Amino acid sequence: MRILVVEDERLLAEAIAEWLRDDAHAVDVALDGDAALERLAVNDYDVVVLDRDLPKVHGDDVCRAMVGSDATARILMLTAAAEIGDRVAGLSLGADDYLPKPFAFVELAARVQALGRRARPALPPVLRRAGILLDTARRQVFRDDRYVPLSKKEFGVLAELLRADGAVVSAEQLLEKVWDENADPFTSAVRLTVLKLRRKLGDPPVIETLAGEGYRIS
């Protein structure tokens with residue numbers, strides 16, 4: 001998934017981002033509400049982890065802006081206030097879930113995963129195609145019953161190709177879903193990742209390249 005973390009405490013924001021990246025998500029970080037709105041205007045996110053008490057533009061106003069726009073991202077609101085009234089107020093603004101600070105990273109990750117399933121059609125527990133089996137829960141891949149160790153990016157690319165169910169996935173789409181905003185749009189990262197993925201999956205090749213269009217597993 002593509003996730004935006006909006007948190008003004010830099011160390012906490014980066015810790016959340018790294019935890020979610022370990023789950024093979026593409027994560028961007030904004031340290032204030034103004035920066036969050038800028039990123040929301042140009043990127044399509046599945047989930048936004050939104051601190052309520054933000055500088056420049058308050059988290060409540062960011063939430064209102066998202067609800068009032070065409071954004072489809074689900075919102076997990078964070079706050080240091082643990083009173084029930086604060087939680088109700090946050091949800092009434094349009095947030096999809098609410099998590100008081102301090103929290104356990106494992107719980108945050110689980111809530112993000114649950115919201116992601118509502119943001120777009122959820123990946124089935126197991127994806128199968130062309131002799132490939134990808135277990136989304138265990139993050140394991142097999143080709144003709146042979147275990148295939150993959151990096152996070154390789155796993156993410158393969159999951160997106162299998163999700164497409166035979167349709168072509170462009171390099172831009174893979175960059176959007178598997179990498180984050182720090183990725184150079186002119187990078188060769190997608191091409192190199194696909195090359196490594198082909199090598200690891202072995203023969204016969206299952207990932208087809210369509211010049212000028214993208215990649216598919218037919």
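Biologist: Why is Ser170 called buried?

Modeller: In this predicted model, Ser170 has a relative accessible area of 14%, and since buried means under 20%, Ser170 is therefore classed as buried. Ser170 is found in the loop between helix 6 and helix 7 (171-178), and, leaving aside its neighbours within four places in sequence, Ser170 is in contact with Glu213 and Gly214.

Biologist: What makes helix 6 largely enclosed by the rest of the structure?

Modeller: Nine of the 12 residues of helix 6 are buried, so the helix is largely enclosed; among these buried residues are Phe155, Val157, Leu158 and Leu161, and also Glu154 and Glu160. Helix 6 covers residues 152-163 and reaches 16 Å from its first C-alpha to its last, which is close to the 16 Å expected at 1.5 Å a residue. Just after helix 6, Asp165 takes a positive phi of about 55 degrees.

Biologist: Why does Lys56 count as exposed?

Modeller: Lys56 has a relative accessibility of 71%, and exposed means over 50%, so Lys56 counts as exposed. Lys56 lies in the loop between strand 3 (47-51) and helix 3 (59-68), and its phi is near 70 degrees, a positive value in a residue other than glycine.

Biologist: How do you know that Asp145 is exposed?

Modeller: The relative accessible area of Asp145 is 77%, to be set against the cut-off of over 50%, and Asp145 is therefore exposed. Asp145 is found in the loop between strand 8 (140-143) and strand 9 (146-147), with a phi near 70 degrees.

Methods. Residues are numbered from 1 along each chain as its sequence is written. This is a predicted model: local features need pLDDT of at least 70, side-chain atom pairs count only at pLDDT 80 or more; totals for chains, interfaces and linings use all residues. Side-chain values use heavy atoms; hydrogens and water are left out. Helices (H or I, at least four residues) and strands (E, at least two) are DSSP runs, numbered from the N terminus. The expected span of a helix is 1.5 Å times one less than its number of residues. Buried means under 20% relative accessible area, exposed over 50%, partly exposed in between (1.4 Å probe, protein chains only). Contact means heavy atoms within 4.5 Å.
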